[in-house]
Amino acid sequence: MTDADADTDGGRPAAATTDRQPRLSIAETGELATSVIENTEEVIVGSHDAIEHIVTAMLARGHVLLEDVPGVGKTMLARAIARSFESSFNRVQFTPDLLPSDVTGVNVFNQKTREFEFRRGPIFANVVLGDEINRAPPKTQSALLEAMEEQQVTVDGATHALADPFTVIATQNAVERNRTYELPLAEVDRFMKRLELGYPTPDDESAMLENVVGTHPIETLEPIASLDQLRAARERVAAITVAEPVREYVTRLANHTRERAQLGVSPRGSLSLLRAAQARAALDGREYVVPDDIQHEAVVTLAHRVRPVGESDETGRDVIRAALSSVRVE
């Protein structure tokens with residue numbers, strides 16, 4: 001399934017342009033992110049925080065893992081954000097019989113040319129939704145490892161570059177544990193954020209039901225940001241200042257988890273937190289990261305990387321919250 005949207009200028013923040021792509025100020029970057037969030041909320045009701053987290057993850061070049069019960073709008077959320085960004089969208093339904101080549105692509109022999117040709121898999125899109133990723137065996141799950149880390153796939157010794165920008169939004173079945181495979185720690189660590197949508201409030205659910213009567217709002221949703229603008233926003237976010245005291249604060253948080261948990265936050269996790277905090281600063285229109293940005297992003301960015309000690313009832317979220325309350329901001 002592929003969903004590519006047409007170009008539109010409606011609702012885009014003003015931006016200076018070059019021959020290749022626009023350059024955005026920090027204010028324009030924040031306006032672009034806010035516009036995408038508001039546009040997505042035309043389709044997804046009552047999930048403002050989750051939408052905000054996904055948009056900031058995309059600005060920070062990260063991937064997102066959604067873990068929740070079926071039917072709360074995870075797939076529609078990914079589609080709405082992809083359309084808002086004018087990006088190509090592919091959905092992969094992970095099943096026990098899915099093969100790695102079903103995700104990455106395969107070499108096929110062409111009888112006319114007498115040569116092998118590479119046929120791209122659904123991983124070749126700007127936004128890829130991996131639906132119920134833990135239903136597939138580890139061998140198939142591992143097909144995403146190189147793609148998520150290096151933005152490329154290797155098939156039969158040949159390397160193929162993926163789309164730019166590239167974001168994986170994966171959902172995980174959190175109900176039927178006896179029919180799923182546990183995600184490898186190496187793969188979980190590659191997701192910048194893990195989010196839970198939860199059930200909507202009665203008012204939000206009523207508003208959602210009103211929206212979908214007749215034509216579903218996803219069918220009329222218009223893109224409000226181009227891929228060039230997304231690339232420019234990513235460059236702007238990456239240039240946001242992270243002062244030494246903030247970097248040291250992140251290091252102390254990570255070390256606290258390593259001392260308290262069986263498996264603490266990895267260096268990749270610390271880097272993900274810094275990048276997420278940069279995107280949070282951009283959303284607020286700031287040129288620099290403050291400790292509040294770190295604290296805002298810490299739980300969703302770090303908790304899934306932590307394994308508490310032994311048979312404790314403590315969760316990764318508990319470990320991160322304890323670190324936030326114990327580690328001083330200096």
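These legends accompany close-up views of a predicted model. Local features need pLDDT of at least 70, side-chain atom pairs count only at pLDDT 80 or more, and totals for chains, interfaces and linings use all residues. Residues are numbered from 1 along each chain as its sequence is written, and side-chain values use heavy atoms, with hydrogens and water left out.

**View A. Helix 1 and helix 2.** The axes of helix 1 (residues 26–40) and helix 2 (residues 48–59) come within 10 Å and cross at roughly 140°, where axes are lines fitted to C-alpha atoms, for helices over the stretch in contact, and angles run from 0 to 180 degrees between N-to-C directions. The two helices are DSSP runs (H or I, at least four residues), numbered from the N terminus, as are strands (E, at least two). Helix 1 contributes Ala33, Val36, Ile37 and Thr40 to the contact, and helix 2 contributes His48, Ile51, Glu52, Val55 and Leu59, contact meaning heavy atoms within 4.5 Å.

View B. In the order 4-7-10-3-11, 5 strands form an open sheet with parallel pairing; two strands pair if DSSP finds at least two bridges between them. Strand 4 (89–93) and strand 11 (193–195) are the edge strands, each pairing on one side only. From one strand to the next, the twist averages 20°.

**View C. Strand 3 beside strand 10.** Strand 3 (residues 64–68) and strand 10 (residues 167–173) run parallel and are joined by 5 bridges. Leucine 66 has threonine 171 of strand 10 as its bridge partner.

**View D. Helix 2 on the strands.** Helix 2 lies across strand 3, strand 7 (127–131), strand 10 and strand 11, and runs at about 165° to strand 11.
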